[in-house]
Amino acid sequence: MSTFMPKADEIERKWYVIDAAGKPLGKVAAEAAVLLRGKHKPIFTPNVDCGDFVIIINTDKVVLTGNKLEKKTYYHHSGYIGNLKEVKYSTLMKDKSDFAMKLAVKGMIPDTTIGRKQLTRVKIYKNAEHKHEAQQPEAYEF
């Protein structure tokens, strides 16, 4: 008996909608990463991109547990000397909650060429409206 290796053209991609309202940021990001990588499928292979499309809605209503809202900080650097910027997650969640969700999902996907391709299939929205009704996405509950 031989091992099944999926080809790139044999993979069927589905669309899923995750409602993040009232759920922890990390749990939503972890479930989205599993769907993006394709680890929920029996044909999962680490070296083949076999994941699905994921739409995350209501990121304004996502929850950070513990004291992360006050203590956690997002750092980024412009490349110039002395230009290390820091933003508290309380302001980040208030202003750019979709960006905070994308950072969390990005941290749970491998930093490879396949991981970067998988990250392009996540669509994140602050509100409940999204523009992907034509793809007939399924609601994903966890």
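Accessible areas here come from the Shrake-Rupley method with a 1.4 Å probe; for residues, only the protein chains shown count as cover. With that in hand, I looked up the surface of the protein: about 8900 Å², with 54% of it belonging to carbon and sulfur atoms.

I noted the ground rules. This is a predicted model, where local features need pLDDT of at least 70, side-chain atom pairs count only at pLDDT 80 or more, and totals for chains, interfaces and linings use all residues. Residues are numbered from 1 along each chain as its sequence is written, and side-chain values use heavy atoms, without hydrogens and water.

Next, the overall build. I found five helices and six strands (DSSP runs: H or I of at least four residues for helices, E of at least two for strands, numbered from the N terminus). Their order from the N terminus is β-α-β-α-β-β-α-α-α-β-β. The C-alpha atoms fill a box of roughly 55 × 35 × 30 Å along the principal axes.

Then burial. Of the 142 residues, 37% are buried (under 20% relative accessible area).

Last, one strand pair (DSSP must find at least two bridges). Strand β3 (residues 73-77) and strand β4 (residues 84-88) run antiparallel, joined by five bridges. Which residue in β4 is the bridge partner of Tyr-75? I found Glu-86. Six residues lie between the strands of this hairpin, and Gly-79 takes a positive phi near 105 degrees.

Technical notes: Buried means under 20% relative accessible area, exposed over 50%, partly exposed in between (1.4 Å probe, protein chains only).
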